[in-house]
Amino acid sequence: MLLGFLALAALAPAYWLLPAGWRPGASMAIGLTGLYWLDPRALVLVLGAATVAFGFATLGPRLALAPRRAILVLALLALAALFVWNKLGAGGHAVLPSQAGLAVLGLSYLVLKIAALLVEAARTPGFSATFTEVLHWLCFLPIYPSGPIEEFDHFRHQQPRVTRARVLGGCERLLFGYSKLLLGSHYLGQWTAPLLADPASASRLELWLGAYAVAARFYLDFSGYSDLAIGVAALYGYEIEENFDWPFLRRNLTQFWQHWHMTLTRFLRTYLFVPVSRLLLRNRVPGPAAILAAQVVSMLFCGLWHGLGWGFVLWGLAQALGLAWVGLGAPRAARHLPPALVRWWRSSRAGYAASSFVTASFFAATAILVALDLRGALAYFAALAASR
Amino acid sequence: MDWNRFEADVRAFLRDDLRIDDREVSEASSLYRSGLLDSASMVQLAAFLETWAGIAIPDRDVKIENFDSLRAMRDYLRSRMPPA
């Protein structure tokens with residue numbers, strides 16, 4: 001995949017020579033050709049998904065509410081089945097950040113994008129889209145394999161603008177991305193591999209450092225690929241939404257998730273958290289219970305989207321409980337603490353640093369759940385508890 | 001519904017129900033970017049504004065752009081009001 005981004009970047013100067021009006025078509029042609037080269041099944045899936053989404057966006061508004069909802073539910077169930085097939089089809093789930101174990105690369109992102117488009121087409125009055133707009137959005141190669149989960153409306157209204165500033169900015173992002181992936185992620189992976197394989201022989205300090213290194217590796221890996229996607233897209237004149245914004249410098253888990261994989265967080269908020277919590281509130285479920293239930297649904301989905309395994313389920317539950325603690329538990333706990341201490345924690349730099357450290361430590365500890373299979377993760381935690 | 005009371009009523013809700021220090025909130029300041037508003041508080045804020053304005057806010061409108069500041073909330077609610 002790294003070479004694929006490089007090939008796309010190398011092709012960009014030829015793209016710049018094209019008349020401006022030809023560039024969207026050329027970008028789409030490159031996308032479709034690239035998908036065929038990547039995996040012919042990916043091309044078939046993208047063409048099929050674009051056809052279904054365009055058909056629903058065109059016919060859906062003419063249908064009555066009940067059949068429109070029925071078709072939407074059926075389409076979402078089909079997407080879920082496709083997603084499960086993709087995760088399990090090639091022999092089971094993988095641990096993060098490996099892409100091994102997927103039947104078709106990029107399908108997890110494709111499924112989310114199509115689901116979002118279908119829901120918007122079903123619930124937005126006057127929604128319309130052309131087949132070309134949908135197809136270009138889905139096959140735009142820089143963001144196809146690993147996101148960001150670019151919003152349809154943000155992408156379709158863009159006219160590619162190749163400017164010196166944008167090209168230089170794109171080159172800079174490519175440099176950042178490759179540095180993160182080849183230097184940071186690669187070497188951290190090498191350093192953590194023996195710790196993850198045999199935690200029993202490591203000290204407590206090594207195990208904690210190992211957990212932080214795993215979390216840092218996830219960050220460098222995911223944000224590195226986002227940098228590559230944003231950088232290559234800039235070389236083709238497109239502005240793609242940001243996906244990471246210094247998450248480890250945030251003071252609590254809520255803010256962490258607002259700045260970690262931001263386009264996925266937006267998807268979870270828009271299509272799971274908001275509808276689920278509001279449905280429960282409308283049905284007279286008490287506020288805290290509704291918020292907690294919506295957090296659990298959203299983060300369980302988040303975990304299972306990353307991988308179909310018990311470690312991912314526990315990881316999602318842990319994130320949900322952490323978010324619930326920040327939103328519901330901590331404010332209540334603060335009422336029982338001395339006001340001066342609470343003020344210091346909330347407003348001083350030392351309080352901010354301590355809070356960020358606790359947040360990063362929580363994320364690092366839970367990262368072990370998805371860096372290993374469940375048995376391996378439990379062995380890691382057992383070694384951490386028994387070590388000195 | 002009294003538009004003259006809008007800002008005072010929202011500030012009271014932010015302060016008393018969401019425990020947000022409303023002294024940090026100006027007319028245009030971003031509640032989301034400043035870390036004062038999150039998904040959970042946005043949903044509660046939407047419920048409050050529904051009651052305040054006497055309208056139903058659809059799920060598709062419960063997004064940061066519409067609730068990010070006092071001005072954004074006011075603009076959104078006004079856009080949903082039937083023309084006088």
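Student: How many residue pairs are in polar contact between chain A and chain B?

Tutor: A polar contact is a pair of N or O atoms within 3.5 Å; within protein, one must be able to donate a hydrogen and the other to accept it, and residues adjacent in sequence count only if both atoms are side-chain atoms. Here the count is six residue pairs, both at pLDDT 80 or more. This is a predicted model, where local features need pLDDT of at least 70, side-chain atom pairs count only at pLDDT 80 or more, and totals for chains, interfaces and linings use all residues. Residues are numbered from 1 along each chain as its sequence is written, chains are lettered from A and ligands numbered from 1 in the order in which they are written, and side-chain values use heavy atoms, leaving out hydrogens and water.

Student: Which helix of chain A gives the most to the side that touches chain B?

Tutor: Helices are DSSP runs (H or I, at least four residues), numbered from the N terminus. Helix 11 gives the most, with eight residues.

Student: How many salt bridges are there between chain A and chain B?

Tutor: Look for a side-chain nitrogen of Lys or Arg within 4 Å of a carboxyl oxygen of Asp or Glu. The count is three. Arg278(A) forms one with Glu50(B), with the closest N and O atoms 3.0 Å apart.

Student: Is His261(A) buried or exposed?

Tutor: Buried means under 20% relative accessible area, exposed over 50%, partly exposed in between (1.4 Å probe, protein chains only). His261(A) is buried, because its relative accessible area is 3%. His261(A) sits in the loop between helix 10 (253-259) and helix 11 (262-282) of chain A.

How values were computed
Helices (H or I, at least four residues) and strands (E, at least two) are DSSP runs, numbered from the N terminus.
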